[in-house]
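I opened this entry to keep track of what I looked up. I start from one residue and then turn to the wider picture.

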Amino acid sequence: MKLKTPFSIFNNPKRDIDRLNKVTYVPTPKKQSKLREEDLNNHLTRYMHKQTGDNKIICRYLGELHTEARHEHSGYSIKTDAPRDHAGKGESFSPTDLLATALGTCFLTVMGITAKEKGWKLGEVTIEVDKTMNKEGPRKIEALSLQIKLPPGLSDEQIKDLQEATRDCPVLRNLKDSMKINTNWRNVKMRNKTFLKFLPTNIFRETPQVTFFDAGVKGSNGSDVVIHHGNAISPPNENDCEQFYVHQHQIDHNLVLDGSRTFTLLNPAWNEPHHIIFLTKRMGALQIPMGTYHRSVSGPQGSMVLNQAVRDRQFDPTTEFIPVSLRNRADLRQAKEAEPILWVYEEGQIRRLKIDNLSIVSKGITT
Ligand SMILES: [Fe+2]
């Protein structure tokens with residue numbers, strides 16, 4: 001922690017040295033004349049710590065390889081034991097565990113400071129610190145591995161801010177040249193870019209009376225048709241709670257044959273986890289990747305949708321169409337709380353609308 005000094009050390013070093021001397025330091029005239037700015041800064045830091053007591057820890061031996069460390073300012077204490085591979089029973093943190101803990105907690109602290117400064121809530125972050133002691137030579141920590149698990153719902157920018165903050169962690173600065181330090185951001189790898197596709201239909205002939213088109217999807221090995229007679233929902237709600245389908249062995253390609261259908265898609269692993277698609281025939285077949293939760297609703301006129309699915313070898317109809325209720329899934333409820341990306345057909349194009357606060361960002365995608 002960089003402490004604020006009570007006066008500048010650079011504007012008038014001689015004056016500041018004199019002022020400091022009155023408080024904490026009485027050098028000989030010879031020493032004073034040679035006092036460098038760096039020395040002065042160290043003295044100032046010591047002085048500030050003395051005033052606040054923030055950095056004093058009283059360590060006490062309790063016997064049987066147990067110790068107690070008390071943080072003087074707060075009164076909090078922690079106890080240690082020697083580890084089992086070094087004469088102890090491992091009944092608490094070992095001293096080297098505390099070093100590993102310092103890195104994990106410092107990461108969390110700088111992440112918390114960053115979120116606070118930027119005005120957003122960090123949520124629950126966990127860091128699993130794995131310590132490896134060396135096998136040869138004088139005993140010391142050889143490596144620390146940190147598995148960092150972020151809560152879902154953070155934007156790419158927020159994750160980048162957190163990663164930058166940890167690279168500037170004070171404990172890391174002290175440790176990185178003396179041991180291997182590996183960090184693995186677990187949820188970040190899973191957070192993929194949104195992957196939604198609309199497969200265009202090949203219209204052979206269209207007149208006011210007849211529409212003739214190729215509805216096929218390359219590789220499709222299963223078809224189903226879902227007709228909504230009026231205002232219907234697939235899958236239906238369960239006691240007023242929304243339900244979703246999700247496939248593990250099937251990719252859907254939903255093509256509206258008649259009317260229009262509103263699809264809601266949730267995928268917690270996407271950087272944009274919530275999508276609402278106002279699907280019409282002109283948009284082609286909506287491809288829904290495996291692992292994406294989806295439901296669809298029709299207006300009073302109803303609709304007819306053809307699904308040209310691509311199924312893998314593990315596809316099993318008895319397990320593939322079991323609705324999942326939001327009631328039991330906090331991650332899906334959180335995904336649904338994200339601002340949705342809206343997909344509409346407008347002026348001959350599929351448009352992707354992002355509601356960013358009060359402005360709407362529109363991006364046209366030609367089919
Ligand atoms: Fe489906």
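**Proline 235 and its surroundings**

Leaving out residues up to four places away in sequence, I find proline 235 touching Gln243, Tyr245, Arg295 and Pro323. The model I am reading is predicted. I located proline 235 in the loop between β11 (233-234) and β12 (243-244).

I then checked one of its partners by distance. The C-alpha atoms of proline 235 and proline 323 are 6.5 Å apart, although 88 residues separate the two along the chain.

Is proline 235 buried, exposed or partly exposed? I list proline 235 as partly exposed because it has 17 C-beta neighbours inside 10 Å, while buried would take 20 or more.

**Whole protein**

I noted nine helices and 20 strands. Of the 367 residues, 20% count as buried. For contacts between residues at least 6 apart in sequence, I read that 64% join residues at least 24 apart.

**Cores**

I looked up the largest nonpolar core next, and it has 24 residues. Leu265, Leu266, Ile277, Leu279, Leu286 and Leu332 have the most contacts inside it. Two or more residues each come from β13 (250-266), β14 (274-279), β15 (285-288), β16 (293-311), α9 (330-337) and β18 (341-346). With six residues, β13 gives the most to this core.

I followed up leucine 279. Again not counting residues up to four places away in sequence, leucine 279 touches Asn254, Val256, Ser260, Arg261, Phe263 and Leu286. Another core, of twelve residues, lies apart from the largest one, and Leu103, Ile127, Ile148 and Leu162 are among its members.

Methods
Residues are numbered from 1 along each chain as its sequence is written. This is a predicted model: local features need pLDDT of at least 70, side-chain atom pairs count only at pLDDT 80 or more; totals for chains, interfaces and linings use all residues. A nonpolar core is a set of buried Ala, Val, Leu, Ile, Met, Phe, Trp, Tyr and Cys residues joined through C-beta atoms within 7 Å. Helices (H or I, at least four residues) and strands (E, at least two) are DSSP runs, numbered from the N terminus. Two residues are in contact if their C-beta atoms, placed from the backbone, lie within 7 Å.
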